[in-house]
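I opened the notebook to log a few look-ups on this model.

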Amino acid sequence: MIKIESLSKAFNGKKVINNLNLEIQKNKTLVLLGPNGSGKTTLLNIIAGLITPDKGNIYINNTIVQGTVGTKKVYLNPFERKIGYVFQTITLFPHMKIQDNIAYGLKSLHLTEIEIKKKTNTMLELVDLTKYAQAYPHQLSGGQQQRAALARSLATQPQIMLLDEPVSAVDPQLREPFRLELKKYLQTIETTTIYVTHNFNEAFIMADKIAILGNGHIEQIGNREEIFDKPQTTYVAKFLGTNIFKGKIIKQQQNNYLQIEINNTKLLTTSTNMELTEKNITITIKPENITLSTQKPTSPNTTNILQGTLTEITQTLTTTQTTVDIGFLIKTKNDPTTTKKLKLTIGDTIYITINPTDINILT
Ligand code: ADP
């Protein structure tokens, strides 16, 4: 368990961490997301004891490792915190073979030679480096070195793991299986983990919870669906690249739908618990949740059908992203196998459909 209370840190008068609070349950993985420069690495360094904060308390498994108790200042050295930290930059001992790098931390744990050997072999297998056991770091690629660094940190089964983009140095085609293995291993060794990544897909795979760091504090924390489907602040919505619109609530309908209006366009949503009528609101709609069609949908149950003009189209291997002008611009993201059949061309008249459950009102 990690608990952080009222943490602040400024560099040259600029507050990078500003009164941040965060709690991570024991044996869970929290994925920390945030744009470059939002303070993710600074936060990890403070938890590890490598940077001293200006104020705030940090507890690891209910023991204070940083902060004040009464009038007494507490600061535990990095090695006393029993934290495994995998940095973005590789930190292997250059003069030691890979197997000795991995065994390094195990030697201080009073294990037998056989136990150390067995553990080292398990770790080599996890990171797929068994055949490089006898090699030196300089004989490995960057990605392989990063995997060895990860194995060295995980080997001692620390109470806390801090992983700063640990997959970024792994070859792209190996990332998916590597993530799954890593997740399985983190669960096996029962460690509380903070996992920093830029990759939303990776966040989705690895996280028990996700926290978005911004403006020096945790802007939003929640499970995967809460973060990706129901962003609660404009900052989070922008960071996730979702559609954001200003609008107002018109009325609550009898069928439990709420009628809202964006730029004179009326839409229905199932979002509730709002103070009703004529309220200014901000809504978000995920581009992935917008259906495109070239013919007007005719099913009587379909609501929120809007006609527009296709103004932009970007095709990637896995998605078709478009911008549609429906009186205002809205972004969509769809599976290319579906959009291929529509034979989309810029300037086409197009219909978009939004399910009322997919319209999220920021609270
Ligand atoms: P992230 O990991 O989210 O990209 P960082 O924690 O590396 O962000 O940096 C957050 C901000 O703090 C940046 O503006 C960075 O320039 C600044 N910063 C980080 N470390 C230092 C330092 N040692 N001295 C001065 N500024 C720093």
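I looked up helix 5 (residues 172-188) and found Glu181 and Lys184 in it, three residues apart, about one turn of the helix. The model is predicted. The side chains of Glu181 and Lys184 form a salt bridge, N to O 3.3 Å. I checked accessibility next. Glu181 is partly exposed at 33%, and Lys184 is partly exposed at 49%.

I then asked how many salt bridges the structure holds. I count seven. Glu176, Arg179 and Glu202 are linked in a network of them.

Next I took Asp54 and Lys9, whose side chains meet in a salt bridge at 3.9 Å, N to O. This pair links distant parts of the chain, 45 residues apart. Asp54 sits in the loop between helix 1 and strand 4 (55-60), and Lys9 in strand 1 (residues 2-11). Buried or exposed, I asked of Lys9? Lys9 counts as buried, because its relative accessibility of 12% falls under the 20% limit. Asp54 counts as partly exposed at 48%.

I went on to Lys286 and Asp229, a salt bridge with its closest N and O atoms 2.7 Å apart.

Ligand next. I listed its surroundings, among them Phe11, Val16, Pro35 and Lys40. The shell divides into three nonpolar, six polar and two charged residues. One lies 2.8 Å from a side-chain N or O atom of Thr41. For Lys14, the distance to a side-chain N or O atom is 3.1 Å. For Ser38, a polar backbone atom is 3.2 Å away. The protein covers 59% of the 560 Å² of accessible area that the ligand has on its own. Strand 2 and helix 1 (40-48) are the elements giving two or more residues to the shell. Which element gives the most to it? Helix 1 does, with three residues.

Asn27 has phi near 65°. Asn27 lies in the loop between strand 2 (14-24) and strand 3 (29-33) and is partly exposed at 31%. Asp128 has phi near 60°. Its loop runs between helix 3 (113-126) and helix 4 (142-155). I noted Asp128 as exposed, because its relative accessible area of 54% is over the 50% limit.

How values were computed
Residues numbered from 1 in each chain as written. Predicted model: local features only at pLDDT ≥ 70, side-chain atom pairs only at ≥ 80, totals over all residues. Heavy atoms only, no water. Helix = DSSP H or I, 4+ residues; strand = E, 2+ residues; numbered from the N terminus. Buried < 20%, exposed > 50% of the residue type's maximum accessible area, 1.4 Å probe, protein only. Near = heavy atom within 4 Å. Polar contact = N/O pair within 3.5 Å; in protein donor to acceptor, adjacent residues only side chain to side chain. Areas by Shrake-Rupley, 256 points an atom, 1.4 Å probe, with all protein chains shown as cover. Nonpolar A, V, L, I, M, F, W, Y, C, P; charged D, E, K, R; others polar. Salt bridge = Lys/Arg side-chain N within 4 Å of Asp/Glu carboxyl O.
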